[in-house]
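Subject: Structure handover, aromatic contacts

Hello,

Please find the structure below. My notes on its aromatic rings follow.

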Amino acid sequence: TTTSTVSSTITMTISTTTTSTTTTTTIPHSQWSNTDSMETTRIWHTSSLLTNGKVLVTGGGINHNQAIKSAELYDHSTETWTSTGSMNNIGFYHAACILQNGKVLVTGGHNGSAVVNNAELYDPSTGTWTVTNTMHNVRAMHTASLLQDGNVLITGGYPGTSLTSAELYDPSTETWTITGNMNYPRNAHTASILTNGKVLVIGGIGNHAPQNTSELYDPSTRTWTNIDSMQIARSYHTASMLSNGKVLVVGGYTGYIAELYDPSTGSWITTGKMLNQRTNHKASVLTNGKVLVTGGFGDNVHLNTAELYDPLTQTWTSAGSMKEKRWSHISAVLPNGKVLVAGGYTGREDLNSAELNIMMHTNLILISIFLTALVNTVACGNITISNVVPRRDTDGNIMDIHDGNIFLYDGLYYYFGASYGLCQEPPGPSGCSVWHPGGCGFQLDHNVSLYTSTNLSDWTFRGYAFQMSSMKTPGILFRPSVLPNPKTKKWVMWFNFLPSSGTGVSQSQFAVAISDTPHGPFQLVTNNVTSLAWDNTGDLNLFQDTNGDAYIIYTSHIDGNIYNPNHLMSVEKLSDDYTSSLGKSFNSGFFGETFVEAPSMFKRNEIYYAVFGQCCCYCKEGSGVTVYTSSSPLGPYKTMNNLGNEGHAQQFNVLQYRTSSDTGYGYLWQGNQWQSAPDGLKGHDFNYWTPMSFNQDGSVKYMNYTANFTIDVVSKIHSNRPLSHRFKI
């Protein structure tokens, strides 16, 4: 038996029938390498990861008093920097915040002569800066936090003495509103958005000294409440939101001890001893949920060391040393998993150099053992998924895949979905209230994309599994769903097909294609399934039971009119070959709700769940989600509860994934955030994923908004083929 650990995040076990030897393979934990230097030397600058995957660096200082107003972009795909205009009146000690529309709001700071109240907006689509309305107070060393309602909360700072004041910026009106004062004056503090939407503000310099006070801001009431204080006074520290909802606080002129805030109890605990005392350092939450802390100042020296915090063990380990000592630098986790650090002060000089940490990028192992044996390979790790940046594939490209399905098969997660290409959505109405043939959702060139992953985080593009050019009848494709059939050894795809001659969505029909492999090409069986219980078919999804039987959950426009209230949902059993249905005799009958679409179906603890929402039709606001349950796939179903619409997304899938927990499985709700791409391209619209939690009675808990989350993902692979034919993990 051989067991090896990859960067402390992936564990593999290989069992063979031909050997009893044990070999351990260790991948280096951390490597630092130089990358292209910034065009300008900077300290006290900010960094923002844009929705296009580039890193925007703004402002900063040089020689400890000269303000820099320029900005530049780092492109991880080319590892190069390019300039991108200059701010008008902002230099260093400012704050930057990415808005929901993808623009970046930069506020306050010091312009080299005085602290300012200026605010400016950076538009990534044009690379330009525009002035927006000024804040009510001049501020430097303040915080800026994007609230769940899209407003930005600004707290504290100083114009000479620390401030208690706070204010809100509304991007829709570009106006500022005074909100309640904090209970303590603060600068050089931190602000963290909790999973319940409240804002945790801690530490900072109060009356000329670091403080340990903590308070919460409630956006719904716009009020501040004191909570338990930290055990240690801190300023110039960092606060990192962990995947378990707790907040890790590190450093700040306070020794080696880090602390955790638990929102569920409102209490603080210490958590392990750091390897170095640090202040003016940086902390980054990695894609596996661990926290990388770099540089800073401690023990009377400027530091080039880095260390890694593991939330599972609450321990610190070395993450190597950077090429340069850095203090007041920037740190950003790139879409490829690498960590970029740039600029800062060495204790002797300001820097323009940049480097990359590739600790979390060395997760590729090629196993090449020339044995014919039974393989049982398990890959597991904590994976952090973000909903605020576009999902990118392993080549760094934005994933153009929507309204499909994802499932685990033979150790790989397969993601099938519609590609919409680089269509620029035209202005005009959207949603179910209008048939919009000119919209990007109704073009004739949609294909079915396929991506695969071992961990739900790193996706590789495998090409188009089905192309519309292969159909004799032109039309529109949407909502593809694929299942492997264990009986026929075929892969079966169903999708909505709307002939180009159609006059509305209600004219759509279901098409079926099959393939010998998941990669295709899938060959069309029919462009109009006629065996269904109900005609005028709408959205669909497929479900495979544990015994191999398959079902379709779908919407019917009973009278051929999408606007009629009898836009209804039902479940129907498929034939043994999955290419047709068994009709009304094997149909659940309609669910109680009307005007619904976007269904999905899954099974948990012998309970069948049917999940769908109100009609949305590519609408920007998304739709609420209703859950029905039954002890049988064909019902009868009863209403359980509503899951809300916090993510402003339209559902396309519920994924059952493998975990190392006692239950063995977790569940991800997955939806499309239509019209969310900052560049307006349909293919770049965001996906929104969130973990599902369950009550003891099996009901699904209300789904609160989550910007980022971490899950434990396990892949399991079995094969009787020679190992030399396999595997990349």
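Is F416 buried or exposed? F416 has a relative accessibility of 0%, so it counts as buried. Please keep in mind that this is a predicted model.

The count of aromatic pairs comes to 43. One of them joins F407 and F416: the ring centres are 6.2 Å apart and the planes meet at 20°, so this pair is stacked, the cut-off being under 30 degrees. F407 has a relative accessibility of 12% and therefore counts as buried too, since the limit is under 20%. Both residues belong to one aromatic cluster, whose members are F407, Y409, Y414, F416, W491 and F522.

A second pair is formed by F602 and F694. Here the centres are 6.4 Å apart with 70° between the planes, and the arrangement is edge-to-face. F602 sits in strand β47, which spans residues 596–604. F694 is in the loop between β53 (686–691) and β54 (708–719). The two residues are 92 residues apart, and the pair thus links distant parts of the chain. Both F602 and F694 are buried.

There are also charged side chains over ring faces. R391 lies over the face of W689, at 4.1 Å from the ring centre. K682 is placed over the face of Y420, with a distance of 6.0 Å to the ring centre.

Regards

Conventions:
Residues numbered from 1 in each chain as written. Predicted model: local features only at pLDDT ≥ 70, side-chain atom pairs only at ≥ 80, totals over all residues. Heavy atoms only, no water. Phe/Tyr/Trp six-rings, centres within 6.5 Å; stacked < 30°, edge-to-face > 60°. Buried < 20%, exposed > 50% of the residue type's maximum accessible area, 1.4 Å probe, protein only. Helix = DSSP H or I, 4+ residues; strand = E, 2+ residues; numbered from the N terminus. Lys NZ or Arg CZ within 6 Å of the ring centre and 35° of its normal.
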